[in-house]
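Please read the following report alongside the sequence and the model.

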Amino acid sequence: MAEYPYGRYRYKLEIDGLEAGGFSEVTGFDASIDVIEYREGDMVQTPMKVPGLKKYGNITLKKGLTDSMVLYEWLISGVEGPVDRKTITLTALDESGEATASWQIIQAWPMKYTAPDFSATSSEIAIESIEIAHEGTTRVS
């Protein structure tokens, strides 16, 4: 029987101990390893390639503006004192709401908060976003 890929529109996001509500968008999951090219004088043409720094992109969380200030307060606590690092878990859900795949974002902390844009001529939801720096992602299931 063929397996069908999961949709990207059903998921849940959990942040260590924060009741942050639902998110309309989660972007920026990526990891890369820099390539260092090295060539010695007696090598004919092609340089060696060796692994360099490992890097993880920042993750952006977007949600409709509510009266909750949990994400904003998480950022401000780091502005005013030590940064509070947390583990974030993103879980993809199937059509019945069952977990299908999960990723953990390790040592995460907010580095940027963006308040919504406002316009009297718009009929859109006000969206706030927070950008998260971290030290790695792991697929746990």
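## Aromatic pairs

Tyr72 has a relative accessible area of 34% and is therefore partly exposed, where buried means under 20% relative accessible area, exposed over 50% and partly exposed in between, computed with a 1.4 Å probe on protein chains only. This is a predicted model, in which local features need pLDDT of at least 70 and side-chain atom pairs count only at pLDDT 80 or more, while totals for chains, interfaces and linings use all residues. Residues are numbered from 1 along each chain as its sequence is written, and side-chain values use heavy atoms, with hydrogens and water left out.

The structure holds 2 aromatic pairs, a term for rings of Phe, Tyr and Trp (its six-membered ring) whose centres lie within 6.5 Å, with planes under 30 degrees apart counted as stacked, over 60 as edge-to-face and the rest as tilted. Phe29 and Trp103 form a tilted pair, with 6.5 Å from centre to centre and 55° between the planes. Phe29 sits in the loop between β2 (25–27) and β3 (31–38), whereas Trp103 belongs to strand β7, so that this pair links distant parts of the chain, 74 residues apart; helices (H or I, at least four residues) and strands (E, at least two) are DSSP runs, numbered from the N terminus. Phe29 is partly exposed at 30% relative accessibility, and Trp103 is partly exposed at 27%. The rings of Tyr72 and Tyr113 have centres 5.2 Å apart and planes at 70°, and this pair is therefore edge-to-face. Because Tyr72 lies in helix α1 and Tyr113 in strand β7, the pair ties together parts that are 41 residues apart in sequence. Tyr113 itself is partly exposed, at 23% relative accessibility.

Ala133 is placed in strand β8, which spans residues 127–133, and with 9% relative accessibility Ala133 counts as buried. Neighbours within four places in sequence left aside, Ala133 is in contact (heavy atoms within 4.5 Å) with Asn58, Gln107, Ala108, Trp109 and Met111.

## The nonpolar core

In soluble globular proteins, nonpolar side chains tend to be buried together. The largest nonpolar core in this model has 17 residues, and those with the most contacts inside it are Leu13, Ile15, Phe23, Leu61, Ile88 and Ile132; such a core is a set of buried Ala, Val, Leu, Ile, Met, Phe, Trp, Tyr and Cys residues joined through side-chain atoms within 4.5 Å. At least two residues of this core are supplied by each of β1 (11–15), β5 (59–64), α1 (70–80), β6, β7 and β8, and the largest share, 3 residues, comes from α1. Beyond residues up to four places away in sequence, Ile132 touches Asn58, Ile59, Leu61, Trp74, Ile88, Ala108, Trp109, Pro110 and Met111.

Thr91, found in strand β6 (residues 86–93), is buried with a relative accessible area of 3%. Ser102, in strand β7 (residues 99–114), is likewise buried, with a value of 9%. Apart from neighbours within four places in sequence, the contacts of Ser102 include Thr138, Arg139, Val140 and Ser141, while those of Thr91 include Arg10, Tyr11 and Lys12.

Most residues other than glycine have a negative phi. Gln107, however, has a positive phi of about 55° although it is not a glycine. Gln107 lies in strand β7, and at 35% relative accessibility Gln107 counts as partly exposed.
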